[in-house]
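Morning, everyone. I'd like to walk you through two pieces of one chain. Please have the structure open.

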Amino acid sequence: MSMTYLGKAVSRVDGPAKVTGAARYAGEFPVPELTYGVVVSSTIARGKITRIDSAAALGVPGVVQVFTHENRPHTAYLNRSWRDEVAPPGAPFRPLYDAEIHFSAQPVALVVAEDFETARYAASLVRVEYEQGPHTTDLERERGTAYVPPKKRNGIAPPPDPRGNAVEALAAAPRKIARQYVSPFEHHNPMEPFATTVLWQDAGRLTVFDKTQGVQNVQSYITSVFGLKAANVQVISPFVGGAFGSGLRPQYQVFLAVMAATELERSVRVTLTRQQMFSFSYRPNTIQAISLGARPDGKLLALTHEAIGNTSQHEDYQETVVNWSGLLYGAENASFIYKLVKTDWASPADMRAPGATLGVFAIETAIDELAYELSLDPLALRLANYTERDENDGKPFTSKELRACYQQGAERFGWSKRNPAPRSMTEGRELIGWGMATGAWEALHMKAAARATLRAGPMLEVASATADIGTGTYTIMAQIAAETLGVPIEAVSVKLGDSSLPKSPIEGGSWTAASIGAAVQAACETVRGKLFKLARGLENSPLANADIEHVEFADGTIRLPGDPSRSVPIDRALAAAGTEALEAEETVGPGLISSRRFSRNTHSAVFAEVRVDEELGIARVTRVVNAVAAGRILNLKTGGSQVMGGVVMGIGMALHEETMPDHALGRFMNHNLAEYHIPVHADIPAAIEVIFVEEHDPEVSPLGVKGLGEIGIVGTAAAIGNAIYHATGKRVRDLPITIDKLL
Amino acid sequence: MGTEASAAGVFSAAVRPVTLSVNGADRELRIAPWTTLLDGLREYLGLTGTKKGCDHGQCGACTVLVDGVRINSCLTLAVMHEGATIRTIEGIGAEGALHPLQQAFIDHDAFQCGYCTPGQICSATGLIAEGRARTPEEIRELMSGNLCRCGAYPNIVAAIEHAMRVAETAP
């Protein structure tokens with residue numbers, strides 16, 4: 001069946017609001033008699049507050065209150081009450097809970113004033129004295145204390161079981177390599193700082209405008225931490241200025257804003273500074289070790305992958321790091337270890353393709369190293385070890401078009417023209433290198449609900465409590481609705497980011513398009529069925545003998561294809577029945593049998609070209625081709641942008657991004673956007689090409705969709721690192737690959 | 001938040017009336033002299049289209065046009081711009097009457113989350129007026145003060161190139 005909207009390059013339906021500045025983000029909602037809260041952050045990494053003096057701040061006219069651990073209101077006692085939908089095992093951080101300092105830049109006070117300038121000034125007057133304790137922030141130094149997390153994080157696959165005997169197979173392997181890879185702390189740094197505006201209404205009702213990837217997750221956190229009724233707390237987040245995982249958990253500004261609003265019975269806004277954006281949620285610092293044993297023809301005989309990542313003292317944050325090598329490569333002997341080290345930092349958090357970016361960087365660099373060890377083409381080595389099933393559990397995939405990704409990506413990139421010898425290509429004073437890598441991510445379908453309401457016009461509204469963090473959720477919801485009911489996309493309005501809407505999981509994991517998409521389609525199909533009944537039941541209905549299988553819904557009508565006389569406009573069907581609106585809410589979840597029987601993943605092949613000026617040590621990425629197999633692509637425009645954005649963040653990971661700790665102080669030193677380098681315009685080539693490889697997969701989700709939010713970043717850093725090796729003959733195994741490492 | 005808005009706190013003694021010409025209209029604010037132009041626009045005039053991303057002139061999200069020149073509004077004080085002509089994203093175009101650059105951003109999918117977008121568009125407006133950028137490389141170099149974490153850069157450059165061509169061929 002030909003599609004009007006699905007699979008097409010449809011422009012964002014929220015585009016006009018975003019390009020005119022009309023889209024409102026959490027810290028921008030106009031609220032009468034608003035007060036402003038400014039956070040005071042700790043200057044030590046670990047210890048105790050011995051004295052906190054708010055007198056000078058309180059003496060400033062216009063200051064309403066200074067909240068500290070000494071005067072904070074009562075909050076929940078049990079850890080259970082503080083755990084949100086995605087909390088890892090452990091005790092979640094409690095802002096202003098007691099005198100203990102758990103990490104540097106921990107919030108220690110909130111100054112609330114009638115205007116922002118007063119609050120900011122008064123915050124500088126709060127005097128805090130500390131008894132400093134010894135802190136440990138250095139993963140490398142503490143790696144001896146690494147432990148296997150005793151309690152697994154919900155939804156995160158544990159490392160795969162060992163296969164065969166990796167130790168013996170490695171010892172016996174004719175060719176082998178053993179390497180260590182290090183990745184730094186990275187911060188999400190969405191352009192919008194975290195902010196919350198709480199509108200306090202009479203009778204204690206709160207409307208909470210929050211920057212979040214999960215309005216219902218925040219709502220349940222607030223109600224359980226403060227003992228409030230769900231009916232009295234509505235969380236709204238129509239636009240999110242980027243998040244990349246940092247908005248999955250409720251962050252401390254929402255706690256502080258709600259606390260102040262309920263205590264003061266006033267409306268309150270708390271916006272974090274860019275510096276404070278470095279005080280929570282980051283990609284953990286990791287050390288990985290990989291050993292590969294192979295036959296001279298490239299066949300892998302043994303694979304071991306071990307990863308150590310840092311976590312906080314109070315939570316065992318976990319992500320899937322080592323499983324990807326096991327998923328991609330079929331070594332008969334393999335072992336996988338994933339351990340944590342406790343450090344005096346805030347808890348890490350999911351950051352775009354959590355775990356996979358790191359694990360795939362390591363294995364895909366190691367495979368490249370092995371290819372040079374064996375004098376084989378890196379792509380040929382991957383094909384020699386290609387597997388049609390998930391090697392971790394032996395399950396077949398719902399689909400896996402990775403071979404086509406390799407083939408189409410290589411052809412587009414011109415891989416066959418590559419001279420494998422390092423330093424073999426130059427132009428002017430620049431060395432040119434070509435590298436490639438594989439990418440993989442999960443293709444999850446989560447239980448979610450949506451509502452569809454059809455009115456005369458026709459006007460169609462679809463609603464779900466999900467989020468659009470720039471991913472294009474608004475647009476695909478509108479496309480699916482318009483397609484299913486045959487109305488123009490302009491007739492569809494989309495509501496999301498409101499906790500009162502039908503239930504949705506947090507927006508993350510690349511599962512939103514598959515999950516919310518399925519729910520929207522189901523709700524629209526139910527409305528479609530109701531509408532057809534109305535149309536067929538009309539007096540002398542031209543569709544009297546038709547059945548729903550044989551009619552089409554198009555151009556705002558229900559009609560028999562090929563017979564324009566047998567058509568009923570939607571408006572006429574509604575009017576004749578005296579029906580103001582047809583409405584349906586549907587919940588759709590994954591098929592449990594299918595979940596058990598199949599592995600479900602997206603795959604990609606990333607090819608990168610770099611140019612390196614050896615005298616200056618500067619590496620530039622000049623070309624990237626990313627061929628992605630991700631099932632059905634709902635929107636070529638926004639989908640392409642998702643992958644391109646992932647590639648850009650992958651370039652940042654490869655060349656720029658690193659939050660630098662000073663271990664003597666236990667503090668991040670470059671906590672600003674001048675010194676924490678993310679790619680800028682000049683760093684990014686125009687030539688980022690995204691290829692969507694055809695992948696028909698009715699098994700993976702009702703729409704055949706796999707999701708695109710994360711796959712674009714996975715593999716990119718390895719492809720660039722491999723290209724830099726090809727250009728220079730230098731193998732850099734600790735990210736990012738900065739000038740000092742290339743000189 | 002109306003046309004007249006004022007600071008109420010400790011600085012009430014220092015608060016003074018300031019008249020700013022914003023998007024073609026005179027707006028009176030009562031603010032402390034150390035209120036940044038960015039906070040003046042966002043918190044006192046309700047013009048939240050101009051974004052605060054870092055407050056340190058490091059990200060460009062707060063870019064506005066003052067007398068046609070693009071500046072970071074977080075690095076300057078509102079009181080310094082009495083008598084100047086200030087143009088924010090709200091003055092570039094509105095829904096239903098989009099500026100060609102705004103339409104080009106939509107057509108090229110030159111944004112995702114949208115938070116850096118008003119700054120990118122104001123900066124690009126200033127860039128085109130400067131007439132210095134002729135090639136994609138020059139656009140990239142001269143737009144490098146405007147960060148985009150979603151990574152829409154290639155599409156932003158394509159949208160600006162398109163709008164530059166439209167501007168050149170306009171009568």
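This is a predicted model: local features need pLDDT of at least 70, side-chain atom pairs count only at pLDDT 80 or more; totals for chains, interfaces and linings use all residues.

Start with helix H12 of chain A, residues 402-413. It has twelve residues. From first C-alpha to last, H12(A) reaches 16 Å, close to the 16 Å expected at 1.5 Å a residue.

Which residues of H12(A) are buried? Here they are: A:Leu402, A:Ala404, A:Cys405, A:Tyr406, A:Gly409, A:Ala410 and A:Phe413.

And what do those buried residues pack against? Two helices of chain A, H9 (323-328) and H11 (378-384). Then four strands of chain A: E18 (430-442), E26 (601-613), E27 (618-629) and E30 (688-692).

A:Gly414 follows H12(A), and its phi is positive, near 85 degrees.

Next, the strand. E19 of chain A covers residues 448-455. Seven of its eight residues are buried, so E19(A) is largely enclosed by the rest of the structure.

Who are its partners? One is strand E25 of chain A, residues 581-588. E19(A) and E25(A) run antiparallel, joined by eight bridges. To find the pairing on screen, go to A:Ala452, which stands opposite A:Ala584 in E25(A).

Another is strand E20 of chain A, residues 459-463. This pairing with E19(A) is antiparallel too, over five bridges. Here A:Thr453 has A:Glu461 in E20(A) as its bridge partner.

What do E19(A) and E20(A) form together? A hairpin, with three residues between the strands. In that turn sits A:Gly457, with a positive phi of about 145 degrees.

That's my tour. Over to you.

Methods
Residues are numbered from 1 along each chain as its sequence is written. Chains are lettered from A and ligands numbered from 1 in the order in which they are written. Side-chain values use heavy atoms; hydrogens and water are left out. The expected span of a helix is 1.5 Å times one less than its number of residues. Buried means under 20% relative accessible area, exposed over 50%, partly exposed in between (1.4 Å probe, protein chains only). Contact means heavy atoms within 4.5 Å. Two strands pair if DSSP finds at least two bridges between them.
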